Amino acid sequence: MSTTAQRGPGPLTFRQAVEADVPALTALVESAYRGDSSRAGWTTEADLLEGQRTDPEGVAAIVRDADSILLAVESEGGLVACCQLERQDEDAYFGMFAVSPSLQGAGLGRAVLAEAERTAARTWGARRMRMQVIRQREDLIAWYERRGYRRTGELSPFPYGDERFGIPQRPDLAFELLTKPLD
């Protein structure tokens with residue numbers, strides 16, 4: 001599976017990630033969400049969470065999972081974005097979405113999300129996309145709402161005490177489920 005689209009930094013190539021991509025994918029996700037490098041973009045979680053966002057073992061597990069696709073997005077020879085798709089019955093779960101901080105705000109995220117929706121529908125016949133977003137990320141939730149996602153009001157607790165997902169900087173973090181029907 002490999003498709004190309006024209007958006008943002010240049011032509012984009014979408015492909016399924018392989019084990020050799022794990023170090024670069026881990027670095028991309030970390031750069032988009034944690035530490036000072038993440039502050040160059042608008043998706044940073046640095047004010048909410050410290051520590052890691054993911055690790056090579058977690059990324060490799062997704063790459064190996066038969067019910068998941070880790071979509072790697074390249075432009076001009078480099079990795080610029082990624083996202084996870086996971087088959088969940090008639091739905092697909094969307095996660096581990098990262099865009100290089102220096103390229104955020106140029107339409108790349110919209111292109112990746114649209115390709116993820118097409119891929120889930122085409123590959124698995126998914127009828128709905130599901131995702132969990134930290135409910136305190138109102139700007140990010142609003143971005144998803146502009147792309148057709150709806151807040152469900154269904155909350156899940158943040159995994160406090162499990163540093164694989166970061167070190168919370170506030171006591172009230174929770175995830176909210178967002179969904180969108182896929183045509």
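Reader: How much space lies in the largest pocket?
Author: The model is a predicted one. In it, about 770 Å³ of space lies in the largest pocket.
Reader: Which residues lie nearest the centre of that pocket?
Author: Arg53, Tyr93, Met96, Phe165 and Phe175 lie nearest its centre, out of 29 residues that line the pocket.
Reader: And which elements give two or more residues to the lining?
Author: They are helices H3 (56-64) and H5 (138-146), together with strands E5 (78-88), E6 (91-99) and E7 (128-134). The largest share, 5 residues, is contributed by E6.
Reader: How do the lining residues divide into nonpolar, polar and charged?
Author: The lining of the largest pocket has 17 nonpolar, 5 polar and 7 charged residues.
Reader: Turning to helix packing, at what angle do H1 and H3 pack?
Author: Helix H1 (residues 22-33) packs with H3 at an angle of about 120 degrees, and their axes are 9 Å apart. H1 is therefore oblique to H3. The crossing of H1 past H3 is right-handed.
Reader: Which residues make the contact?
Author: H1 provides Val22, Leu25 and Thr26, while H3 provides Pro56, Val59, Ala60 and Val63. Of the residues in this contact of H1 with H3, 6 are nonpolar, 1 is polar and none is charged.

Methods
Residues are numbered from 1 along each chain as its sequence is written. This is a predicted model: local features need pLDDT of at least 70, side-chain atom pairs count only at pLDDT 80 or more; totals for chains, interfaces and linings use all residues. Side-chain values use heavy atoms; hydrogens and water are left out. On a 1 Å grid over the protein atoms alone, a cavity is a set of points where a 1.4 Å probe fits but cannot get out, and a pocket is an open set with protein on both sides within 12 Å along at least five of seven lines; lining residues have an atom within 4 Å of a point. Grid points are joined across faces, edges and corners, and a volume is the space filled by probe spheres set on the points. Helices (H or I, at least four residues) and strands (E, at least two) are DSSP runs, numbered from the N terminus. Ala, Val, Leu, Ile, Met, Phe, Trp, Tyr, Cys and Pro count as nonpolar, Asp, Glu, Lys and Arg as charged, and the others, Gly among them, as polar. Axes are lines fitted to C-alpha atoms, for helices over the stretch in contact, and angles run from 0 to 180 degrees between N-to-C directions. Angles under 35 degrees count as roughly parallel, over 145 as roughly antiparallel, 65 to 115 as roughly perpendicular and the rest as oblique. A crossing is left-handed if the near helix is turned anticlockwise from the far one by less than a right angle, and right-handed if clockwise. Contact means heavy atoms within 4.5 Å.
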